[in-house]
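Welcome! Have a look at the model first.

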Amino acid sequence: MTQTGFANLTQAIENSIEQKKSTYILASHRIHERPEIGNEEVFASAELTGLLKEAGFSIERGIAGHATAFIARKGTAGSGPTVAFLAEYDALPGLGHACGHNIIGTTSIAAAIALSETLEETGGQVVVLGTPAEEGGDNGSAKGSFVKDNRLEGIDAALIIHPGNATRVSGSSLAVDPVDYIYHGKPAHAAGSPEKGINALDSIIQLFNGINALRQHVTDDVRIHGIIPDGGKAANIVPDYARARFFIRAATRPKTNEIRAKIDKIAEGAALATGSKLEIHEFQNAVDDLLPNDVLNNLFIDTFRRFGEDVLETEKSGLGSTDTGNISQVVPTIHPYIQIGPDVLVGHTVAFREAAKSAKGDEALITGAKGLALIGLKLLTDTETLHAAKAELMERKRAAAADVG
């Protein structure tokens, strides 16, 4: 494509989003006002798919065991690359949209709609993956389900942008295994006949003690944190059921698997020590680490600085986890941040929730949509850049696998 042709499509994308910005801001606010936790996002899913259907996208709902998940498509597969935009729209229990998913979901569909309007000139396909329950919970982290169900097949790159306290490049994240360790014992009167009981809570205590002993022998990236949701019903009854819930994290999926195997052995040892029976239950999808992609990050830097954003080229401190990591293990993926408030703004707080429906948040939504759409345009029209992003993904996966041990 000529420079003039690319410039014309760039302007068309920006004009499209500007013309529809009141519609997108209203959708973001409507979702913000009706917060729904993971896998219950009925209103948000309908709001986003309604806009996509109106723009000519075909919609498939109920993806990979998630009733509120969807895949929207426009264009012809095989006529060029396929670029996917990732939409999140779940809220936090008790806090509402304190992670700004009302912005994330709307930004992605706005970018997809604008980019799809260029397909007659570019060829290819634009896809939106509506992925519930990013915040986790039972059957949470739906992007993991999309990957396991082969819903990324045929997609060449995936794009998403997250609100934050600064505009910065996509960095890494921690892989995490969400695990319940459940022990079944035998009840008895704790004073009258304790010898007849098997104390499931003692198994949990042994599990915590064993994990604490392991902490001396793990690398700095490892995070192991847990609670005891069920530890017995009364102090005078030997607990016959106890459950601990853990998040086991490390810098890479292979390293997380290694740590998880050690903790499973500790859990088995605790059962042997107390005579209880162990049940291990993964209550949501495992989450993989996010693989950064410098090719896509450089596109992000160039594109968003064009809009006047002060883009930080270092990743944020204090890593958490996101199921976008699962997507990034399969296709080149970008998960950068765009500023919606001051640099002291912290996610998962009331202040962040309010920023997600502020004038600055609305501005970030529109800028983010324009920027993501233009990155998508580059990937649709520049096969050399797309191939370079794919090559980087394969190299990073090889390096992560070699790092184990």
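This model is predicted, and its chain is built from 13 helices and 14 strands. With a radius of gyration of 23 Å, close to the 22 Å that the globule rule gives for 405 residues, the chain is as compact as a globular protein of that length.

**The chain as a whole**

- Along the principal axes, the C-alpha atoms fill a box of roughly 85 × 45 × 40 Å.
- Buried residues make up 54% of the 405 in the chain.
- If you take contacts between residues at least 6 apart in sequence, 80% of them join residues at least 24 apart.

**Helix H9 and its ends**

- Helix H9 covers residues 294–306, which is 13 residues.
- From first C-alpha to last, H9 reaches 18 Å, close to the 18 Å expected at 1.5 Å a residue.
- At the start of H9, Asn 293 places a side-chain oxygen within 3.2 Å of the backbone nitrogen of Val 295.
- Just after H9 comes Gly 308, with a positive phi of about 85°.

**What H9 packs against**

- The buried residues of H9 are Leu 296, Asn 297, Leu 299, Phe 300, Ile 301, Thr 303 and Phe 304.
- On the strand side, these buried residues pack against E7 (167–168), E12 (311–312), E13 (333–334) and E14 (337–339).
- Their helix partners are H12 (359–381) and H13 (383–402).

Note on methods
Residues are numbered from 1 along each chain as its sequence is written. This is a predicted model: local features need pLDDT of at least 70, side-chain atom pairs count only at pLDDT 80 or more; totals for chains, interfaces and linings use all residues. Side-chain values use heavy atoms; hydrogens and water are left out. Helices (H or I, at least four residues) and strands (E, at least two) are DSSP runs, numbered from the N terminus. The expected span of a helix is 1.5 Å times one less than its number of residues. Buried means under 20% relative accessible area, exposed over 50%, partly exposed in between (1.4 Å probe, protein chains only). Contact means heavy atoms within 4.5 Å. A polar contact is a pair of N or O atoms within 3.5 Å; within protein, one must be able to donate a hydrogen and the other to accept it, and residues adjacent in sequence count only if both atoms are side-chain atoms. The radius of gyration is taken over C-alpha atoms; the globule rule is 2.2 Å times the number of residues to the power 0.38.
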